[in-house]
Every structure is written in structure tokens, then in C-alpha cells.
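Here is a short tour of a structure for you to explore alongside the text. Have the viewer open and follow along.

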Amino acid sequence: MRPASLDTCLLLLGSLWIAHPSRAQEHAFNSKVDVEMGERVFLSECGRCHGPDAKGNDETDAPDLTRGRFKSATTDAGLFQVIRDGIPGTAMIGIGWAPETTVWQIVAYLKSLNVDPGDYVLPGSADRGRDLFYDKGNCIACHMVRGEGGRLGPDLSTVANRRKPEELKADLTHPDETVEPRWWTVKVTRPDGSVVEGLRMNEDTFTVRLMDARENLWHFSKGEVRSIERIETSTMPSAERTLTPGEVDDLVAYLFSLRKESGT
Amino acid sequence: MNSLVLLMALGAQTPSLAPVTWERLLKAADEPSNWLMYSGTLDSQRFSRLDRVNRENVSKLALKWAYQIPQIDRAETVPLVVDGVMFITESPSNVVAVDAGTGRPYWRYDHELPEDLRICCGRNNRGVAILGETLFMSTLDAHLVAIDARSGSLKWNAEVANHKAGYSKTEAPLVVKDMVISGVAGGEYGIRGFLDAYDAETGERVWRLYTIPGPGEPGNDTWAGDSWKTGGAPTWITGSYDPELNLIYWGTGNPGPDWNGEGRKGDNLYSDSALAIDADTGKLAWHFQFTPWDVHDWDAIQIPILADLSLNGEARKAMLWANRNAFYYTLDRKTGEFLVGKPFAKQTWAQGLDERGRPIRAPGKLPTPEGNVVSPPILGGTNWYSPAYSPKTELLYVNAYDGEQKFFLREEEYREGEEYTGGGAENVAPLEKYKSAIRALDPRTGDLRWEFEIQPRSSSGLLASAGDLVFGGTVEGYFFALDAETGRELWHVAVGARVHSAPITYAVGGEQLVTIAAGNVVFTFGLD
């Protein structure tokens, strides 16, 4: 049982934070217990649409909440409002019937899914990693960082917001393990036997679009080509073959420095 | 008044919207220029006798009009068309009447909703029913409303259940005689499901059949302890009716909590079942349970398709049912006897069906705290997406998915009005890795006749027509027509957003039109 005065106090504080988003990061429900409570309520109330792993759901079109970016909120206070009130005109309904403490605990849980750089002490050097990225590793040939670089791999400008260091290391050393369909390769054989091969930018029941090695964009109707072959491995070579273990650590340290700058 | 009559006469048209009597509904197949109920006809075949659009000319279909629903939700509406007027339901619980030839509105009804709704899966509404000059619509606050079809005025508003206890209503009701048959959603909130009949004129309840038997009733002992009180078994998709047998057929949803069955040991009757119900009394005539003690959320929320088949030389009044649990079933709809059953989509949870159609469970396929990969996924081998049956080809057309998911188990206490699911499931690979297809099944054997592969998948209902066509859509935003005999693609058009509804066809001024909702837009296509 909670004293009534505490409830009133929490209510007032909640209102204050909504009115002053700049103080939103300071809410009081960030303890481990709060995060656990938030996860429990999330699984029960939100998991049906957003998935028990919060990674979204194709059937309901509920977005992935693990990427550190939310479509309808940029602050904790904004998240609180969305969870409490929902988003009018959409399938996102609020849980306004729940105590405000519970709503803050869900906020705390969602924030806990983000990668916090303070949690990691990395063995590598980000400076050395940056040199590798641009020189020996030549990663820049395929990957763009802040508007500079190639287009044949994912844009890495904010990769640290969505990948943990151990995941980045696995991406570098075992690139074939988890390849998003966007980075599969498609080989299209045209009626005259000529072949166009490139990265699978998009595919549906009737068409496919790809980018070839020269970064040309192609569109094909499936009914008008001879065959389409899908290659689900990565086009990136494993860093185990091209870099030393120490260099891999350096590259991970650099990649883990690539995050959304606060306020942007 | 005289001038109004004169104006109508000068309009060189017959007035729209004649009253829809029960006799018209009984013979809905005979007036294919209209679409008079959710599944087209009482047997729910979703087959139209219109053949002006056919295999030879379907490639010439072009946009006639589009209606934008002023909500950014994904439309699940299946409109009705009555003598040139179309009734479109909108998220969350609204309805608009438009001219079926142009899409231009007559009126709209906006249902006022409370802010504390309990809805598991979106602010959905799938359509209205009509009798006489009255429309009947489910609302998200678990009410059933009657609306004047000419003006949009509210005639009556009946509270079916308390929404604060987790009930909601999304399905299109079914009119049987002078009654409105209507079910409830809430299988993720620990409700006790039921199916109701309401007097169409007054809104008074005629009967209620609980889908979970109470103490002392047969089947209550299939629920451990008090678990029957919160056992779910909702009724959130429209059923069918056989006038000769006077039986209503309705599917029931999952037992609750969805993924944790430890506290509800037993078969959990009548969850995940086909129910046959005496239309006059609301008494259960028979039941067939597809998935006893379900722990994967495989609702038997599919449309019961009624068709008369010759099976092993014997004429059978059959019911065709491709279930979310990935098995296809043919049942005798007079008795509930199991006739045919075999998988139509990938499944790993059962070793097969026994001679009575009961699944033989495979070991090691239950949800666990760590997660256990099982096929089909939560979405099922199919789901609520309307199938179709063509008496011309004698094939059942079903939207099928060969997916898998990792199912989790977790402890959960029941608290009224809060979600009560006991677990969940997550993807183990991109959806692009799995196969999705429109499949044509022979209901005599369950055998696959053809399939049309979809990339990545479809959540669309289907429509079959005498033009030897099957219409459907895809999640990436296509609407298409297939050859009903071969599955060959004959036409497609990009509609820009997911098709999460089912197509209908009808005619205005002799021109056959085809309508589908995609995203939050209702598109209508024609040849001329």
C-alpha cells in the first residue's frame, strides 16, 4: 500500500516533466527493479503488438522499439505521453488506466534496450579504428558515414545506436551469420541470357529492385526475366581474413563511436 | 414532396437501396450485382456469379474510383453493396455510405468511444450487416449498434459486454431471420467468450451461447479449477448459416492465457472449435475442436465455408476449414463428423490427426521460458483472412504461410481488464526466408492443386468468381487476379499499401466492379 501523498507527489512530478522535457531524463524510475517491472508490464500490455522482444510485428505494423529512435517521441517525457495516451488516429492505444509509475517503468525498460556507451570499456582504439576504416580496411568504399563513402553496404553513421560492441565484432568477423534481406544479392538473368547482379534493395511478389557494383539502380518485373537467383550471404569479406585481432578491436571501437549526436 | 418525386423521376435512374428482406439474404447468390453480407452469401463461399470480368479481359481492369478513409489505421473493412449504395466501415468504429459507382458519400456515422478501450490488435472493424433498411455494426467498446441505412441515424445501441473487462467487438455481424448474430473479441484479456443473437428490430438479446461451459454443463470439466472463468474462446470472425439445417456455424478463438496452459489443463472446450448452433434456441448442436489445449494462439477464427460435395460417391453437406494450426479439414456440417484432414502449410507441432481428426501432438513443441521454435507461427498456417470456394472448379482457395516462430512461456496473473497472455513469440529469421502462397485445395482430399507464391507474404482475404478468377492482395501492396483453374497470374496493380481486407465484386448499371481496401483507401476497379 502506498501513502496517498506519495501518489500525489508522483503525479505532480509527472506533470512537471511533461511540461519541461529538458528535465525528462531525470525521472526517478530508473532502478533495476523499475526496469524489470517495466519489462513485465511491457510483455503483458505492449508485447502483443510490439513483440516480446520489442522488435516490432509485421502483422500489426507495430514499430521496432529497440533502435533507440521512436517515431513519435524524442524524449522520455514524450515516450511517457505516447505510452499513457496513445497516438490519436493510429492503432497505438495508451494505457491511461495504469498508474503513472507503471508508465514511467515502461519508459525505463524501453530506454534500457538502447545501447549505453557508459556500460562498455573497449580494448581497441577508436582513433586507430578510424584509420583502418578509411585506409587499410577500405570500409569507406562500401559504407557511408555522415554523407561520405560508398553505397554498397549499410550507412554506419549511427550504427552504435543499434549495435552493441560484441554484435559489431560478430558482424565484422562472421558477416554471413545475420544478413538483412536488404543486403542479400540478387542475380537476374534476362531473356537474352545476360545477367545483372546486385544488392537486393527491394523485392515483392511481382518485381525486384537492385543496385549493381557500379551503384546503378535496376528494376525488373519477375514475369519478364528468365530467372532470378537469390544469394543470402554477405558481400563483405570477413575481417578475420583481412585484419589482425587487435585491428578488429580497434575497428569495433571506432564503429561504437558512431552514434547519433545528442540533440540531433 | 411532389417536387422531390419529380426530381427523382428526372434523374433517369431508379432510386438506390431497396429494403433487404430475409428472403433476399437467403437468395443473395441470385443477385450478384449486390454484396449483401460479409462473406457474400450465407454459405460464406465468397463466390460471385458475375462473369463479365473474366480470364480474357481481367488484364484491362482499371481504377474507377478511390475513397480515402480519414484514419491512418489499416482498413480491414469488407464493404456491403445494396442496390448501388456501398457501406464502408472505418477504424475505429465508424461507417460511411457512398455511391457504389462513384465512391461519393451520402452520409457517415461516427461512433463515440470511451478512451479506456481494451484492444489487443489494432482499432479494427470488418464490416456491417443489413436487414430491411437497418445496418448492424460492432464497436470497439463491445457494443452492437443499429444504424438507419438511408440516413446514418442511430436506431439502437446495445451493450454486449463491459469493455473494461477486456471485451471488444470487431467482426461484421451475421443476420439470420430476424436476428443479428454477433460475437466478441478479447481472447488476450481473459474474457469468457460467447455468441449472441439480438432482435434486429429492438436490440433485445434473444439468446447467448457461452463458448466456455459453466459449472455443471458438459465440457466445464475440460478446464482445471476456475480457469474456465478467464478462458477466452472469443468469437471475433463472422460465421455462416445453413437454412435447411437451421444451424449457425461459428469459429472460436484461443484459450487464455494464450501461451501458458499450465493453469488450464484439459481440452479447454470450446476454444479453437467449430460450433454448430440451433438458430432459434442458441443451443449447441455439435462441436469440433481443432486444437485441444492450445498453447500457441491458433484461434479457429476462420470463416466456415459450406459446400455440398460428393465424397467417396456419397453426397455430403460439408464444411471446409483451413485452420490456423496449419491443418485443412472437411467436416460433415450436419453431424460434425470428421471426413478429411491434412496439413496445407508447414507444421511441426503434430505428428498427424487421428481417425476422429484429433491432433497427435509431437513431443517437445510447447512454449518454454527460453523459447521453442515451432511451425506454424502465431500468424498460423492461415489466419482470419477470408478463404473462397468456387463451385465451378470445386476448389478451396486459401492464403497460406509456411513460417515459424520461437514461442515463449511466462507466468502471468489475471487482473480484470489487463492483457492475460502468458508468453509470446518472436521471429527467428526475416520473413523473406519463409514461403507464403495462395493455395488451391481439393476439399475431397485436402490435396494441393496449385499454388501462387507471394513475396514476402499476404494477409488478404480472397474472392472467387464465375469469371474463373481468384482475387487477392499482398502485404507489400498489390491487388491481383489469378486463373482459378491454374493459379496463373492474370493481372496485378500496385495499390501502395498492405491489403488487410477481402475483395468484393458487384455491378452498377450492368458494369461489374471489384473493390478492395488497401492501407486506408478503398479502391474500385472496372473495365469500362
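## Reading a helix crossing

Axes here are lines fitted to C-alpha atoms, for helices over the stretch in contact, and angles run from 0 to 180 degrees between N-to-C directions. Two packed helices are described by the angle between their axes and the distance between the axes. Please keep in mind that this is a predicted model.

## H5 and H8 of chain A

In chain A, helix H5 covers residues 126-134 and helix H8 covers residues 245-255; their axes come within 7 Å and cross at roughly 100°. Because angles of 65 to 115 degrees count as roughly perpendicular, H5(A) is roughly perpendicular to H8(A).

On the H5(A) side, the residues that meet H8(A) are A:Ala126, A:Arg128, A:Gly129, A:Arg130, A:Leu132 and A:Phe133. Their counterparts in H8(A) are A:Glu247, A:Asp250, A:Leu251, A:Val252, A:Ala253 and A:Tyr254. By class, this contact has seven nonpolar, one polar and four charged residues.

## Domains of chain A

Chain A is divided into domain 1 (4-114), domain 2 (123-175 + 237-255) and domain 3 (181-231). Taken over C-alpha atoms, the centres of domain 2 and domain 3 of chain A are separated by 27 Å.

## Where the chains meet

Contact between the chains involves 32 residues of chain B and 26 residues of chain A. The side of chain B that touches chain A has 11 nonpolar, eight polar and 13 charged residues.

## Confidence

For the complex, the predictor gives an ipTM of 0.82 and a pTM of 0.87. Chain B has a mean pLDDT of 95, with 97% of its residues at 70 or more. Over residues 1-12 of chain B, however, pLDDT stays under 50, and the model has one contact beyond four places in sequence for them. Where pLDDT is low, the predicted coordinates should not be read in detail.

How values were computed
Residues are numbered from 1 along each chain as its sequence is written. Chains are lettered from A and ligands numbered from 1 in the order in which they are written. This is a predicted model: local features need pLDDT of at least 70, side-chain atom pairs count only at pLDDT 80 or more; totals for chains, interfaces and linings use all residues. Helices (H or I, at least four residues) and strands (E, at least two) are DSSP runs, numbered from the N terminus. Angles under 35 degrees count as roughly parallel, over 145 as roughly antiparallel, 65 to 115 as roughly perpendicular and the rest as oblique. Two residues are in contact if their C-beta atoms, placed from the backbone, lie within 7 Å. Ala, Val, Leu, Ile, Met, Phe, Trp, Tyr, Cys and Pro count as nonpolar, Asp, Glu, Lys and Arg as charged, and the others, Gly among them, as polar. Domain bounds come from an automatic or database domain assignment. pLDDT is the predictor's confidence in each residue, from 0 to 100.
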